[in-house]
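Here are my notes on the model, point by point. Please read them with the structure open.

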Amino acid sequence: MTKKWFSIGMVGVFFLSLALRFWGLGRFNTLVFDEVYFATFGNNYLIHKPFFNAHPPLSQYIIGIGIWIGSHIPFWQEQVNGLAGSLLTPWSYRWINALTGSFIPLVVAAIAYQISHRRSFAFLAGLFTACDGIFLVESRYALNNIYIVIFGLLGQWLLLLALEKESKKRTFWLVCSGIGFGASAATKWNGLWFLLGAYFIWITAWLIRLVQAFYLAKNKQVLDEFNVSDSYRDGNSKLNAVQTPLQKLTQLNVFQMLFFLGIIPAFIYSVIWIPHLQLDKRFDFIKVHQEILKFHLQLGGNTPDVHPYCAAWYKWPLMTRPMAYYYQTALSLNEPLPVMGPPLPPGTAKVIYDVHAMGNPFLWWFGLASLLFLVGIIVWQFVKFLVKPKRFSAAPICVDTWIALFLVLNYLANLLPWVEVTRCAFIYHYMPAVVFTFLAIAWFVDQCIRSYHLYLRAVGVTITFIILVAFVFWMPIYLGLPLSPDAYKLRMWFNSWI
């Protein structure tokens, strides 16, 4: 893919994301799902009303800024409600999330490019991310999960960017990376898992480097045996030959990691709390964290008895329990949009308005399959090492193996901590992990499309077509468009989706 067509494609992806997030943004003049908390909390900062929040405050600051700006814009002021504590338009407390969410596909594409230097892979990663349902839904309402993802991904991208720089430029980008990771944790605590993923891949890079160095020292003749060039012996070795930033990870020592990706994120996280603690003086920094932890420990088990949409971590990858953020019914399209009260009795509704926090099913399923394929690549490389360790020590790790390690380790870093969580969890907690499956399927499709084999190209095109068609098919329940009961049931493939 040429630079020109890549630029045109990414501009198209961005405007697609922007249009889908802003179109009909004020459709429901009410508080949808957890907007009852986050829109209210954002407004509380503007009216100086103290409150307790079970999450760090960064996303509510941003929503509050959006409310303030939105309230001073002379258009989109037709509908108002006082549900968040002041008379506000739905557009005012939603627009900044819509704008922020529109950039997530670009950040994902940027990461794809940094780990591969392939524009086609980057474009597909951005396109597939733009075609996911739960990211679209979360971006259209005053919720906080998109901020965990975008700040965490920015931390990852800026780290990769830093690895391509030298000296002071590298220091600058490492500082920015630490700020991104700190901001992710200052949105929700599980934002820390993006930072954990960075440590996972860094530790893995050093382990690979040390194992290779050990076998090279033990078997000096391996250099001649595998025809390694003289430049290797002179210190300009293949261990140091780089093609992508991932192959430069061992240029970061433990002190740099602890400072830039330890102290700086902790500092940013702490500073972000200052405005909230000045507003609510009941708790100091330590006490408020104790109260937050207490709140989460008292949420109860991960069963439908606690909440009908509770879903344990192992239900997320196959998307067996998505959730409805908004569900209302009407007798006809001519009726005003229903915003309050229970739905009509079963069997009487002619029109259904449903906003479903649900991914693009085929994107998620294909993404999971691709991630498992990458796991297979890693396992195969490990087996090859066990069989022929000398060859492993002489040959540099290929780019695609590094990509596999990066995606799999970051996926596991964002999923496995939930194994020990006993509180009620929901499918949106999977968003930081699932984004790495989007990268995985983009990598797989890119491999297929760039293949010399016609049947593999057909596979790549077919997968892309299915993902795009699926996105269009389920789009009405992402955007809350009116559906007939039959059209709604057509999209609820399993009872557990309802």
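1. Helices here are DSSP runs of H or I with at least four residues, numbered from the N terminus. Asp446 sits in helix H19, residues 431-449. The model is predicted: local features need pLDDT of at least 70, side-chain atom pairs count only at pLDDT 80 or more, and totals for chains, interfaces and linings use all residues. Residues are numbered from 1 along each chain as its sequence is written, and side-chain values use heavy atoms, with hydrogens and water left out.

2. Asp446 is buried, at 1% relative accessible area (buried is under 20%, exposed over 50%, partly exposed in between; 1.4 Å probe, protein chains only). Its side chain makes a polar contact of 2.5 Å with the side chain of Ser120 (a pair of N or O atoms within 3.5 Å; within protein, one must be able to donate a hydrogen and the other to accept it, and residues adjacent in sequence count only if both atoms are side-chain atoms).

3. Which residues does Asp446 touch, not counting those up to four places away in sequence? They are Arg118, Ser120, Phe121 and Leu124. Contact means heavy atoms within 4.5 Å.

4. Asn145 belongs to helix H8, residues 145-163. Asn145 is buried, with 6% relative accessible area. Leaving out residues up to four places away in sequence, Asn145 touches Glu138, Lys188, Tyr428 and Met431.

5. Val383 lies in helix H16, residues 361-387. Is Val383 buried, exposed or partly exposed? Val383 counts as partly exposed, at 35% relative accessibility.

Notes
Helix = DSSP H or I, 4+ residues; strand = E, 2+ residues; numbered from the N terminus.
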